[in-house]
Amino acid sequence: MSSISIPISAITDRLNLGRFTGNRMPLASRFSNLRPLGEFFDFKRLSKPNNFGEVQSRASYNLGYFSSNYAVVFVMLSIYSLLTNLLLLFVIFLVAGGMWGIGRLGGRNLDIGSVHATTSQLYTALLVVAVPLGIFASPISTVLWLIGASGTCILAHASFMDKPIENAFSEEAV
């Protein structure tokens with residue numbers, strides 16, 4: 001029986017999923033356009049928008065203009081959430097270290113004294129230990145907190161930060 005091979009481009013081209021196949025920005029270029037902290041935290045430009053249209057306009061502009069700064073905010077909140085959920089951090093290190101250690105065996109069995117364990121037994125033991133710990137560490141609530149906290153911080157900043165004056169006048173002329 002022959003196997004069926006479907007090229008990934010056949011799926012991504014039809015569904016417009018090209019952004020998931022490697023067209024991502026490299027990390028260095030992603031953070032190369034970080035705005036200065038003085039500009040990001042310019043309290044003189046904070047003001048209450050007059051209507052919802054202005055909120056949309058400000059958010060649209062600021063999400064593009066400060067996108068790298070918002071990525072840094074998301075990373076900082078991610079680190080904070082892991083540091084405050086030490087069990088989840090331990091489970092992540094346990095799984096990563098276990099996978100690395102089993103991979104270092106190179107397919108050979110682990111022989112410690114009279115104990116002989118195959119790689120599949122080691123993966124199963126890692127799974128049996130990591131899944132209950134992972135469930136107890138509540139990763140879903142951590143991810144939901146991260147989504148809520150970053151969404152609130154980023155959208156509040158984007159909607160209350162006024163556009164620079166030179167951009168506000170150029171938009172009115174159009």
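**Aromatic pairs and helix contacts**

Visitor: Hi! What relative accessible area does Trp145 have?
Guide: Trp145 has a relative accessible area of 38%, so it is partly exposed. Keep in mind that this is a predicted model.

Visitor: And what about Tyr80?
Guide: Tyr80 is partly exposed too, at 47% relative accessible area.

Visitor: How many aromatic pairs does the whole structure have?
Guide: A search of the whole structure turns up seven. Among them are Tyr61 and Tyr65, which are stacked because their planes are at 15°, with ring centres 5.4 Å apart.

Visitor: How far apart are those two along helix 4?
Guide: They are four residues apart, so about one helical turn separates Tyr61 from Tyr65.

Visitor: Which pair involves Trp145 and Tyr80, stacked or tilted?
Guide: Tilted: the Tyr80 and Trp145 centres are 5.8 Å apart, with 40° between the planes. Tyr80 sits in helix 5 and Trp145 in helix 8 (residues 139-160), so this pair ties together parts that are 65 residues apart in sequence.

Visitor: Which residues are linked into a cluster by ring pairs?
Guide: Phe40, Phe41, Tyr61, Tyr65, Phe66 and Tyr70.

Visitor: Back to helix 4, which of its residues are buried?
Guide: Arg58, Ala59, Tyr61 and Asn62.

Visitor: New topic. At what angle do helix 5 and helix 6 cross?
Guide: Their axes cross at roughly 100° and come within 5 Å. The two helices are therefore roughly perpendicular to each other. Helix 5 brings Leu82, Leu83 and Thr84 to the contact, and helix 6 brings Leu86, Leu88, Leu89 and Ile92.

Visitor: How many of those are nonpolar, polar or charged?
Guide: Six are nonpolar, one is polar and none is charged.

Conventions. Residues are numbered from 1 along each chain as its sequence is written. This is a predicted model: local features need pLDDT of at least 70, side-chain atom pairs count only at pLDDT 80 or more; totals for chains, interfaces and linings use all residues. Side-chain values use heavy atoms; hydrogens and water are left out. Axes are lines fitted to C-alpha atoms, for helices over the stretch in contact, and angles run from 0 to 180 degrees between N-to-C directions. Angles under 35 degrees count as roughly parallel, over 145 as roughly antiparallel, 65 to 115 as roughly perpendicular and the rest as oblique. Contact means heavy atoms within 4.5 Å. Ala, Val, Leu, Ile, Met, Phe, Trp, Tyr, Cys and Pro count as nonpolar, Asp, Glu, Lys and Arg as charged, and the others, Gly among them, as polar. Buried means under 20% relative accessible area, exposed over 50%, partly exposed in between (1.4 Å probe, protein chains only). Rings of Phe, Tyr and Trp (its six-membered ring) pair if their centres lie within 6.5 Å; planes under 30 degrees apart count as stacked, over 60 as edge-to-face and the rest as tilted.
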